[in-house]
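User: I am new to this structure and would like to learn how to read its features one at a time. Could you show me the model and then take me through it?

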Amino acid sequence: MAHPVAITCEIFQVGGQELTAAEDAAIYALAFQGRAALVDTGAGRGRRRLLHHLAAVGILPEHIEMLLLTHCHFDHAGGACDPRQPLGCPVVAHTLDADFLERGD
């Protein structure tokens, strides 16, 4: 299994094709002083690996305060509902994507 990639001491790639699932675009975690945000979710098939990679870089689910979706393509946002449930954080997306995301399209 591949390992998360530290981009800086506060930015990590925790998901993507080699890290979580073949269908996933890059998933990033931003961590600052015990608080974190997740950027994109991938397609949603690698949730267990995603949570494992977050823990490996010292980010616990309760640290994540926000899920930021760059756009609603399935490889970026297909797993938005799935990881949001264990993380319990709000989802932030562009208003034009909101309807598609709410319907699960």
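This is a predicted model: local features need pLDDT of at least 70, side-chain atom pairs count only at pLDDT 80 or more; totals for chains, interfaces and linings use all residues.

User: What share of the residues of the chain count as buried?

Analyst: Buried means under 20% relative accessible area, exposed over 50%, and partly exposed in between (1.4 Å probe, protein chains only). Of the 105 residues of the chain, 36% count as buried. As for contacts, which are heavy atoms within 4.5 Å, among those between residues at least 6 apart in sequence, 56% join residues at least 24 apart.

User: Why is β4 described as largely enclosed, and which strands does β4 pair with?

Analyst: Two strands pair if DSSP finds at least two bridges between them. Strand β4 is largely enclosed by the rest of the structure because 4 of its 5 residues are buried. On one pairing, β3 and β4 run antiparallel and are joined by 5 bridges, with Ala 31 standing opposite Ala 36 in β4. In the other pairing, β4 and β5 are parallel over 4 bridges, and Leu 38 has Leu 67 in β5 as its bridge partner.

User: Where is Gln 33 found, and what is its phi?

Analyst: Gln 33 is found in the loop between β3 and β4, and its phi is positive, about 50°, although the residue is not a glycine. The two strands form a hairpin with 2 residues between them, and Gln 33 is in the turn. Gln 33 is exposed, at 83% relative accessibility. Gly 34 also has its place in the loop between β3 and β4 and is exposed, with a relative accessible area of 53%. Asp 40, in the loop between β4 and α1, has a positive phi too, near 70°, but Asp 40 is buried, with a relative accessible area of 4%.

User: Which residues of α1 are buried, and which are exposed?

Analyst: A helix can be viewed down its axis to see where its residues point. In α1 the buried residues are Leu 50, His 53 and Leu 54. Seen down the axis of α1, these buried residues fall within an arc of 105°, so they line one face of the helix; the arc is that of the directions from the helix axis to the C-beta atoms. Arg 48 and Ala 56 are exposed on the other side of α1. After α1 comes Gly 58, whose phi is positive, near 85°. The C-alpha atoms of Gly 34 and Gly 58 are separated by 9.0 Å, although these residues are 24 apart along the chain.

User: How many salt bridges does the structure hold, and which residues form them?

Analyst: Side chains of opposite charge can pair when their charged atoms come close. A salt bridge is a side-chain nitrogen of Lys or Arg within 4 Å of a carboxyl oxygen of Asp or Glu, and the structure holds 2 of them. In one, Glu 23 pairs with Arg 45, the closest N and O atoms being 3.3 Å apart. This pair links distant parts of the chain, with Glu 23 in the loop between β2 (11–15) and β3 (27–32) and Arg 45 in the loop between β4 (35–39) and α1 (47–56), 22 residues apart. Glu 23 is partly exposed at 30%, whereas Arg 45 is exposed at 61% relative accessibility. In the other, the side chains of Arg 35 and Glu 65 meet at 2.8 Å, N to O. Arg 35 lies in strand β4 and Glu 65 in strand β5 (residues 64–68), so this pair ties together parts that are 30 residues apart in sequence.

Technical notes:
Residues are numbered from 1 along each chain as its sequence is written. Side-chain values use heavy atoms; hydrogens and water are left out.
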